Amino acid sequence: IGATVPTLDAQFWNRYVEFMQEGADALGVELVVLNADNSPDTMASNIEDLIARGVDGIIHVPYWNTGIKVLTEAQAAGIPVIMTDVYLSDIEPQSEQFPNYLAFVGPSDEEAGYAMAQALFAAMTPNADGELVVGVVDGTPGTSVAIDRRKGFDRAMEEHPEVRLAGAVNGNFVRDESQAAFESLYQGNPDITGVWAANGGTATGVMAAIKNAGKEPGKDVLVVAMDLNPENVDAVEAGELLFDIGGHWLQGGFGLVM
């Protein structure tokens, strides 16, 4: 079975691969994992590589609109496909067009983004003007994951007129980019006291940026996240991260079993 991942620079995707490998070992499956290294072109060529190898199945994460490509080319080669994490909004699994598209496995990103925002707003203390000043660090542009999580945040914003969005930056779902992006946002908006971070790596980068600014995450600035990566769970227990949700790195293993 071949599997694609967007990047192994993110702890989440390492957890995803590790759990999938446990399933492969238990079931006697040879697992071939190809890393796109956050490159759309590499993701596309990885799909072609797996099909050329003649794998018996593909577990694909359709970042950068690669879903149709993998379904079309895998169908021509008689290879079944399961999508994880990112769904195709206009194509249902097991449709007449793509009977080789067996299933989608993933979380409800919008509900998660909403829960993150609600937890953040509830824990923040208003400033002298009665405002809750929030910053957002979004994930990889164009992915349903980033879009839907942000929809959840925006829905919560509509319910809380006391919240003021100081700004939103792109962290691309990885730690270093998120840290740099939030450092710039925070320098221009030092009144931010709450941050909605699109995933675990993003939150880790945001917390590092807060510390570099001489502030304490969990006290001076509250941070919420999604993924339940081990280091983020530790951060919750340490009081540095307010809230985390997810555990959906399990989805690759579930897809492997299916």
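**Helix α1**

I began with helix α1, residues 11-27, which has 17 residues. From its first C-alpha to its last, α1 reaches 25 Å, close to the 24 Å expected at 1.5 Å a residue. I noted at once that this is a predicted model.

Next I asked which residues of α1 are buried. I found F12, W13, Y16, V17, M20, G23 and A24. They cover an arc of only 130° around the axis, which puts them on the same side of α1. I recalled that an α-helix has 3.6 residues a turn, so residues three or four places apart point the same way.

I then turned to the other side of α1, where E22, D25 and A26 are exposed.

What do the buried residues of α1 pack against? I listed four strands: β1 (2-5), β2 (32-35), β3 (58-60) and β4 (81-84). Helix α9 (251-257) is also a packing partner of these residues.

I checked what follows α1 and found G28, with a positive phi near 70°.

I looked up V29 in the loop between α1 and β2. V29 is partly exposed, with a relative accessible area of 24%. Leaving aside neighbours within four places in sequence, I found V29 in contact with I1, A24 and L256. I followed up on L256, which is 227 residues from V29 along the chain. The C-alpha atoms of V29 and L256 are separated by 9.0 Å.

**Helix α2**

I moved on to α2, residues 40-53. At 1.5 Å a residue, its 14 residues should span 20 Å, and the end C-alpha atoms of α2 are 20 Å apart, which agrees.

I looked for the buried residues of α2 and found M43, N46, I47, L50 and I51. They cover an arc of only 130° around the axis, which puts them on the same side of α2. The face turned away from that buried side carries the exposed residues D41 and A52.

I recorded the packing partners of the buried residues of α2 as β1, β2, β3 and α3. Just after α2, I found that G54 takes a positive phi of about 70°.

**How α2 meets α3**

At what angle do α2 and α3 pack? I read about 15°, with the axes 10 Å apart. Helix α3 covers residues 67-76. Angles under 35 degrees count as roughly parallel. The helices α2 and α3 are therefore roughly parallel to each other. I noted their crossing as right-handed.

I wrote down the residues that meet there: A44, I47, E48 and I51 from α2, and K69, V70, E73 and A74 from α3.

I found W64 with a positive phi of about 55°, although W64 is not a glycine. I placed W64 in the loop between β3 and α3.

D227 also has a positive phi, of about 150°, and is not a glycine. I located D227 in the loop between β9 (222-224) and α8 (230-238). Is D227 buried or exposed? At 2% relative accessibility, D227 counts as buried.

**T143**

My last entry is T143, in the loop between β6 (132-138) and α5 (144-158). T143 counts as buried, at 2% relative accessibility. Not counting residues up to four places away in sequence, I found that T143 touches Y63 and F173.

How values were computed. Residues are numbered from 1 along each chain as its sequence is written. This is a predicted model: local features need pLDDT of at least 70, side-chain atom pairs count only at pLDDT 80 or more; totals for chains, interfaces and linings use all residues. Side-chain values use heavy atoms; hydrogens and water are left out. Helices (H or I, at least four residues) and strands (E, at least two) are DSSP runs, numbered from the N terminus. The expected span of a helix is 1.5 Å times one less than its number of residues. Buried means under 20% relative accessible area, exposed over 50%, partly exposed in between (1.4 Å probe, protein chains only). The arc is that of the directions from the helix axis to the C-beta atoms. Contact means heavy atoms within 4.5 Å. Axes are lines fitted to C-alpha atoms, for helices over the stretch in contact, and angles run from 0 to 180 degrees between N-to-C directions. Angles under 35 degrees count as roughly parallel, over 145 as roughly antiparallel, 65 to 115 as roughly perpendicular and the rest as oblique. A crossing is left-handed if the near helix is turned anticlockwise from the far one by less than a right angle, and right-handed if clockwise.
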